[in-house]
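Please look at the model below before reading on.

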Amino acid sequence: MSANIDIAFKLNGINVTTKVSPSMSALEMLRDELQLTGSKYGCGEGECGACTINVDGLSINSCLMFAADCDGREIVTIEGLASDPHTEALKRSFVAYGAVQCGFCTPGIVMQARHLLTKTEHPTPEQIRRGLEGNLCRCTGYKKIIEAIAEAGATST
Amino acid sequence: MNVQLATTELPPAAPAEDITAVKTYAAPRSLAEAVALLRAGNVTILAGSTDLMPQSKTGRARFQPVLMNIRRIPELCGIDEADGCVRFGALTTMTELLDSAMVKTRFNALWQSADHFASNQLRNAATIGGNICNASPAGDTLVPLLVFNARVVLASEVNGAVTTRKLPLAEFLVGPGRTQRRPTELLTAVDLPLPPDNFVSEFYKFGTRPALDIATIAIGLGAVCDGDRLGDVRIAFGAVAPTPIRAPQTEAALDGKPLPAAIEAALTAAEADIHPISDIRASAWYRRELVRNILRRMLEHVGKH
């Protein structure tokens, strides 16, 4: 079916309008229509978290969300965190701890870590592991990721 | 050996019907508007979409020409208590269940099922109404909902007005992916009668990893502890029958009987209550072993924490 649903929403702080088809996922809209390719397509069924975005303050798998359902919502993607002062500590600690290898899972993990730190300011390693249960990384073994998030939680204000 | 595949999920899909069959998208803003659309027919209902989206991509879900997003309907939101009963709006998410102190205190097994549910990202989207209507034999919340004698509320339009009927969840669930919901009906809420103040409940889900797993088996246990005896015993099992089930014979073997003496009889009764099959997750034999061993463990610890 053609793209025939008009939607309007806030994307990374900017009001956007676009047309989507009923079958389109939010991830397909972001990547293919709006050219925001930071969010990744991993599994397409909510198992890997590479497509994690923030919708009205909550972490969501964008591959499982219908694009049409973005209407009227406030959405933040990994691109939106580039200018977010509250993500600075996280970005610094991911680099400092070498918490990135191939990088494919990284946008989703940073999105989820940002959400976790909003809910729990100074998370314990156990809380971080639990918070990342919906994100898969096949390179790092998670240790450096968990250390990086713990450090960001300890230093962030 | 006769091994059936994936029988704890929905039945094998009909030939993939492309989602492009969807002709119209609607996002009603009131219940009246929604049931009017349903009355007109040929509607697929969209809520959290965590099941619908993967089912549509793999062809498991057959799409109707109208895709109706119910997430903008205020009547389907919120958790309210009235007349000894708690009503959970169909759009209540797993995260909202977890964030509710009332749910944790009064409906602990339900709270635990939300805690074991998938992952944070999925809990933020998945709704209780969706979990019920998806009617998976392994549906996480269904087991505790059976323990709490849940009733579903179904709304439809009759003679231009919104009419509702209520049905016990145990009757509503018919088979894998099948319910008694009529195509013109919308599940608007699930009602749980408040259990007695001293009622304790536990949920146990067995899977191969703590997160993002579908239950190999699940057990819900609720009872009033009176010394070494249990009263008002309610036991439910998931992933051991075509739907999650209550276990009447197991309950009868425990009700009013002294523990731990009654445990062996309860385990034997549980064997008769369940009808597990072999599928991709486990063999029927293994499921029977799990039910036996985990139910024993739960009964040995009931009311002790």
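**A walk through the two chains**

In this predicted model, chain A holds an open sheet of 5 strands in the order S2-S1-S5-S3-S4, with mixed pairing. At the edges of this sheet stand S2 and strand S4 (58–61) of chain A, each of which has a single partner strand, so that one side of each is left without a neighbour in the sheet. From one strand to the next, the twist averages 40 degrees.

Strand S1 (residues 5–11) of chain A and strand S5 (residues 74–76) of chain A pair in the parallel sense over 2 bridges, and the bridge partner of A:Leu11 in S5(A) is A:Ile75. S3(A) and S5(A), by contrast, pair in the antiparallel sense over 2 bridges, while S3(A) and S4(A) pair in the antiparallel sense over 4 bridges. In helix H1 (residues 26–33) of chain A, the residues A:Ala26, A:Leu27, A:Met29 and A:Leu30 are buried. Why do they lie on the same side of H1(A)? They cover an arc of only 165 degrees around the axis, which puts them on the same side of the helix. The buried residues of H1(A) pack against strand S2 (14–20) and S3 of chain A. Just after H1(A), A:Gln35 takes a positive phi of about 60 degrees. Helix H3 (residues 106–119) of chain A lies across S3 and S4 of chain A, and runs at about 35 degrees to S3(A).

The next step is the division of the chain into domains. The domain assignment of chain A gives domain 1 (5–79) and domain 2 (84–155), and the C-alpha centres of these two domains lie 21 Å apart. Where they meet, 13 residues of domain 1 of chain A are in contact with 11 residues of domain 2 of chain A. On the side of domain 1 that touches domain 2, the largest share, 3 residues, comes from strand S3 (residues 52–55) of chain A. The residues of that side of domain 1 divide into 5 nonpolar, 6 polar and 2 charged.

Beyond chain A, attention turns to the contact between the chains, which takes 22 residues from chain B and 24 residues from chain A. On the side of chain B that touches chain A, the elements giving two or more residues are helix H2 (52–58), strand S3 (66–69) and helix H6 (120–123) of chain B. The residues of this side of chain B divide into 12 nonpolar, 8 polar and 2 charged.

Chain B has an open sheet of 4 strands in the order S11-S12-S13-S14, with antiparallel pairing. Its edge strands are strand S11 (199–206) and strand S14 (245–246) of chain B, each of which pairs on one side only. Within the sheet, strand S12 (residues 217–226) of chain B and strand S13 (residues 229–238) of chain B run antiparallel and are joined by 8 bridges; B:Asp226 stands opposite B:Arg229 in S13(B). Helix H12 (residues 284–301) of chain B packs on this sheet, where it touches S11, S12 and S13 of chain B, and its direction makes about 25 degrees with that of S12(B).

Terms used: Residues numbered from 1 in each chain as written. Chains lettered and ligands numbered in written order. Predicted model: local features only at pLDDT ≥ 70, side-chain atom pairs only at ≥ 80, totals over all residues. Domains from an automatic or database assignment. Contact = placed C-beta atoms within 7 Å. Nonpolar A, V, L, I, M, F, W, Y, C, P; charged D, E, K, R; others polar. Buried ≥ 20, exposed ≤ 12 C-beta atoms within 10 Å, placed from the backbone. Arc of directions from axis to C-beta. Pairing = 2+ DSSP bridges. Axes fitted to C-alpha atoms, helices over the stretch in contact; angles between N-to-C directions.
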